[in-house]
Amino acid sequence: MSELARFTRVAIDMDTCISCGACIEVCPYDALEFDENMKARLLWDKCQDDFSCIESCPVNCIYKVSEAPEELKKEKGGWYRFSRELTPEEMKAFEEWRQKYGVEVEPAQ
Ligand code: SF4
Ligand code: SF4
């Protein structure tokens, strides 16, 4: 199993994000960035589950994916992308993660 398959990761409600940058500042793995609208976005392959970003968010719009609202996982896109092209094995891990947590939205480009 790929290393990448064992992480839960976080989902971000970008509608609620106020672009403060706290989560990006606190993440020890550089797994968060601002998107083109200055909303926080997860770099899926970099996240390693220490969850300090959740505590840092002043508007509580970051969730463990295992605890994220269903509409976020199914209908609200744009909250994650890959930082690089994944290997076939990593893509398999990604699909396993999506299935495990019911993430239907596609990664942003
Ligand atoms: S859970 Fe940890 S590694 Fe993942 S984005 Fe948040 S702070 Fe970064
Ligand atoms: S801490 Fe919350 S409000 Fe601030 S940039 Fe991150 S997700 Fe947005």
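## Close-up views of salt bridges, ligands and cavities

Figure 1. Arginine 81 belongs to strand β5 and glutamate 33 to strand β2 (residues 32-34), so the contact ties together parts of the chain that are 48 residues apart in sequence. The model shown in this and the following views is predicted. Glutamate 33 has a relative accessible area of 15% and is therefore buried, given that the limit for this class is under 20%.

**Figure 2. Lysine 76 and aspartate 13 meet through their side chains in a salt bridge of 3.4 Å, N to O.** The two residues come from distant parts of the chain, 63 residues apart, with lysine 76 placed in the loop between α3 (70-74) and β5 (80-81) and aspartate 13 in the loop between β1 (10-12) and α1 (22-26). Lysine 76 and aspartate 13 are both buried.

**Figure 3. A salt bridge of 3.3 Å, N to O, connects the side chains of glutamate 104 and lysine 74.** Glutamate 104 is found in the segment after α4 (88-101), whereas lysine 74 is part of helix α3, so this pair ties together parts that are 30 residues apart in sequence. Glutamate 104, at 48% relative accessibility, counts as partly exposed, and lysine 74, at 33%, also counts as partly exposed. Elsewhere in the view, Asp13, Asp15, Glu71 and Lys76 are joined into one network by salt bridges that share partners. Over the whole structure, the search finds 15 salt bridges.

**Figure 4. Ligand 2 sits in the largest cavity.** Ligand 2 is surrounded by 13 residues, and the closest of them are Cys17, Cys20, Gly21, Cys23 and Cys57. When this shell is divided by class, 11 of its residues are nonpolar and two are polar, while no charged residue is present. The cavity itself has a volume of about 80 Å³, and its lining is made up of 15 residues, with Cys17, Cys20, Cys23, Cys57 and Cys61 lying nearest its centre. In this lining, 12 residues are nonpolar and three are polar, and again none is charged.

**Figure 5. Ligand 1 takes up the space of the second largest cavity.** The surroundings of ligand 1 consist of 14 residues, of which Cys27, Cys47, Asp50, Phe51 and Cys53 are the closest. Its shell contains 10 nonpolar residues together with two polar and two charged ones. The second largest cavity has a volume of about 60 Å³, and the residues lining this cavity include Val10, Ala31 and Leu42, as well as the run Gln48, Asp49, Asp50, Phe51, Ser52 and Cys53. By class, the lining of this cavity comprises seven nonpolar, two polar and two charged residues. In total, the structure holds two cavities of 30 Å³ or more.

Note on methods. Residues numbered from 1 in each chain as written. Chains lettered and ligands numbered in written order. Predicted model: local features only at pLDDT ≥ 70, side-chain atom pairs only at ≥ 80, totals over all residues. Heavy atoms only, no water. Near = heavy atom within 4 Å. 1 Å grid on protein atoms, 1.4 Å probe; cavity = no way out; pocket = protein on both sides within 12 Å on 5 of 7 lines; lining within 4 Å. Sits in = over half its atoms within 2 Å of the grid points. Nonpolar A, V, L, I, M, F, W, Y, C, P; charged D, E, K, R; others polar. Salt bridge = Lys/Arg side-chain N within 4 Å of Asp/Glu carboxyl O. Helix = DSSP H or I, 4+ residues; strand = E, 2+ residues; numbered from the N terminus. Buried < 20%, exposed > 50% of the residue type's maximum accessible area, 1.4 Å probe, protein only. Points joined across faces, edges and corners; volume = space filled by probe spheres on them.
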